[in-house]
Amino acid sequence: MREEFLPDPGAVAARAAERIAQVVREAVTERGRCALAVSGGATPWRAFRALAGEDVPWERVHLFQVDERAAPSGDPERNYRHLKEALIDRVPIPAANIHPMPVEEEDLDEGARRYEAILRQVAGTPPVLDLVQLGLGEDGHTASLLPGDEALRVVDADVAASGPYKGRRRMTLTFPAIDRARCILWLVTGSGKCAALERLRAGDRSIPAGRVRSDRAVLLADDAAGRGG
């Protein structure tokens, strides 16, 4: 895993925007389109606002979610609401290229199967995303791949529903979908993430994040997360 430590979350967000824009441009040059999957969180949303100011061929971009909470449309807990405010409303991406997870359906498992079908339509069979942006929880989770959850064991699907976590069920990309990506971009900030980040960097497979492949991964972290202060 390539690592870069920056002074603060703002610097991480700015560097992430530059990196994502570069991946998009390269993917469009090589394959004619770029398929991105993004997570939520304060630093990613800051990065997406910065990304809106980068030189990106948005008409060739397909935007997917890494995970989402099962909550009503517009709910403040929804990652999509913040993604829309931070990025989608600020760039000329075609509406047909925006793919929110269908978490408002009563049957989340069926919704996961439909989302996987969309992934295949855009990114092939099996789908290969050009970039997956991940965050890291203090408990070592990433996406909505949570400690002890059944979704951790899914190897025959690219999207799965996970059990309740902090009062909400989730929909998430699975390890196979994440590991297949051409680039995995970790954004980790804050001293609260220090212990989990140390385990991620050590490849500790006892935490979900430690099971993500590292050979295609880039870590952008701030000094607080990397050094605990």
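Predicted model: local features only at pLDDT ≥ 70, side-chain atom pairs only at ≥ 80, totals over all residues.

Is Ser39 buried or exposed? Its relative accessible area is 7%, under the 20% limit, so Ser39 counts as buried. Ser39 sits in the loop that runs between strand S2 (34-38) and H2. Show its side chain and the backbone of Gln133: the Ser39 side chain reaches the backbone oxygen of Gln133 at 2.7 Å. Next, display what surrounds Ser39. Leaving aside neighbours within four places in sequence, Ser39 is in contact with Pro44, Trp45, Phe48, Val66, Asp67, Gln133, Leu134 and Gly135.

Move along to H2. The buried residues in H2 are Thr43, Pro44, Trp45, Ala47, Phe48 and Leu51. An α-helix has 3.6 residues a turn, so residues three or four places apart point the same way. To see what lies over the buried residues of H2, select helix H1 (9-31), S2, helix H3 (79-86), strand S6 (131-134) and S9, which are included in the cover.

Which elements each supply at least two residues of its lining? They are helix H2 (42-51), strand S4 (67-69) and strand S9 (184-188). H2 gives the most to this lining, with three residues. Colour the lining of the largest pocket, which comprises 24 residues. Those nearest the pocket centre are Gly40, Gly41, Leu136, His141 and Lys193. The volume of the largest pocket is about 500 Å³. Sorted by class, its lining has seven nonpolar, 10 polar and seven charged residues.

Now go to the second largest pocket, which holds about 170 Å³ of space. Helix H4 (108-123) and strand S7 (159-165) are the elements that give two or more residues to its lining. The most comes from S7, with five residues. In total, 14 residues line the second largest pocket, and Asp109, Val154, Val159, Ala160 and Ala161 lie nearest its centre. Its lining divides into seven nonpolar, two polar and five charged residues.

The largest nonpolar core has 44 residues. Which residues have the most contacts inside it? They are Leu129, Leu134, Leu173, Ile178 and Trp186. H4 gives the most to this core, with six residues. Apart from this core lies another, of 36 residues, including Phe48, Ile88, Ile98 and Leu220.

Centre the view on Trp186. Not counting residues up to four places away in sequence, Trp186 touches Met1, Leu134, Gly135, Leu136, Thr142, Leu200, Ala209, Val212, Ala217, Val218, Leu219 and Leu220.

Val212 is placed in the loop between helix H6 (194-201) and strand S10 (217-222). Its relative accessibility is 8%, under the 20% limit, so Val212 counts as buried. Draw a C-alpha to C-alpha distance from Val212 to Thr142: the two are 9.0 Å apart in space and 70 residues apart in sequence. Which residues does Val212 touch, not counting those up to four places away in sequence? The set is Leu134, Thr142, Phe175, Ile178, Asp179, Ile184 and Trp186.

Notes: Residues numbered from 1 in each chain as written. Heavy atoms only, no water. 1 Å grid on protein atoms, 1.4 Å probe; cavity = no way out; pocket = protein on both sides within 12 Å on 5 of 7 lines; lining within 4 Å. Points joined across faces, edges and corners; volume = space filled by probe spheres on them. Helix = DSSP H or I, 4+ residues; strand = E, 2+ residues; numbered from the N terminus. Nonpolar A, V, L, I, M, F, W, Y, C, P; charged D, E, K, R; others polar. Core = buried A, V, L, I, M, F, W, Y, C linked by side-chain atoms within 4.5 Å. Buried < 20%, exposed > 50% of the residue type's maximum accessible area, 1.4 Å probe, protein only. Contact = heavy atoms within 4.5 Å. Polar contact = N/O pair within 3.5 Å; in protein donor to acceptor, adjacent residues only side chain to side chain.
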